[in-house]
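Let's take a friendly walk through this structure together. Have the sequence and the 3D view at hand as you read.

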Amino acid sequence: MQRHESLQPLSREHHQTLKIARRLQWGEPDADLLRDLAEHRGELEAHFATEESIGRQALRQCPTDTTLAGQLDRMQREHRQIEELLTEVLDGDGEQSSCHRLGELLVAHVRFEERELFNHLQEGCLPGQAGEPA
C-alpha cells in the first residue's frame, strides 16, 4: 500500500530508527553506538510529537473509531516506554541488556505503526480524508 503523503516522512524516519535498533539488538554497546543513539534522541522526540499530533487530528476526524483510539493509546504508551528506556541506556552505562531491550522495543513499535496504525489511518481518518473507515 502506498503511504499517504502525510505519513511518508514518518516511514522514512522509521527506516533510520530500525538501523539503530538492529545495532542495539545485535551489537555491543560501544561508544559509537551510544553516540549515534544520543544524536538520534532528538529526532525521535520530534518524530513522536509529529505522530501524536497526527493521531489527535485523526481522532477528531473519526471520533467513534474505537480501534483507532486503542491504537493511539498503544502508540503513546510505547513512546513513553521508549523514552524511559532511552534515558536509562544513555544516562546509565549502556548496559547490554538495556540496549537489547530498547532495540527490541523499537523494532516492535515500528512494525506496529507501519503494519497496523498507519494502515488503519489511511482507511479514512487522516486529515483531509472523508469520514470513518468502513
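The report below goes from the overall fold to the packing inside and then to the cysteines.

## Overall fold

Please keep in mind that this is a predicted model. The chain's secondary structure amounts to four helices and zero strands, and reading along the sequence gives the pattern α-α-α-α. With a radius of gyration of 16 Å, close to the 14 Å that the globule rule gives for 134 residues, the chain is as compact as a globular protein of that length.

How much of the chain is buried? Of its 134 residues, 43% count as buried. The chain exposes about 7,200 Å², and carbon and sulfur atoms supply 49% of that area. Contacts across the sequence are also worth a look: among those with a separation of 6 or more, 77% join residues 24 or more positions apart.

In soluble globular proteins, nonpolar side chains tend to be buried together. Here the largest nonpolar core has 16 residues, and the members that touch the most others are L24, L37, I82, L86, V89, L102 and L106. At least two residues of this core come from each of α1 (8-26), α2 (31-61), α3 (66-91) and α4 (96-121). The helix that gives the most is α4, with five residues.

Apart from its neighbours within four places in sequence, I82 is in contact with F48, L102, L105, L106 and H109. There is also a second, separate core, made up of 14 residues, with L7, A58, F118 and L121 among them.

## The disulfide and the cysteines

Which cysteines form a disulfide? They are C62 and C125, whose sulfur atoms lie 2.0 Å apart, and the structure holds one disulfide. C62 sits in the loop between α2 and α3, while C125 belongs to the segment after α4, so the pair ties together parts that are 63 residues apart in sequence. The torsion about the S-S bond of C62 and C125 is about -110°, so this disulfide is left-handed.

Are these cysteines buried or exposed? C62 counts as buried because its relative accessibility is 0%, under the 20% cut-off. C125 is buried as well, with a relative accessible area of 0%.

Key. Residues are numbered from 1 along each chain as its sequence is written. This is a predicted model: local features need pLDDT of at least 70, side-chain atom pairs count only at pLDDT 80 or more; totals for chains, interfaces and linings use all residues. Side-chain values use heavy atoms; hydrogens and water are left out. A nonpolar core is a set of buried Ala, Val, Leu, Ile, Met, Phe, Trp, Tyr and Cys residues joined through side-chain atoms within 4.5 Å. Buried means under 20% relative accessible area, exposed over 50%, partly exposed in between (1.4 Å probe, protein chains only). Contact means heavy atoms within 4.5 Å. A disulfide is a pair of cysteine sulfur atoms within 2.5 Å. The radius of gyration is taken over C-alpha atoms; the globule rule is 2.2 Å times the number of residues to the power 0.38. Accessible areas come from the Shrake-Rupley method with a 1.4 Å probe; for residues, only the protein chains shown count as cover.
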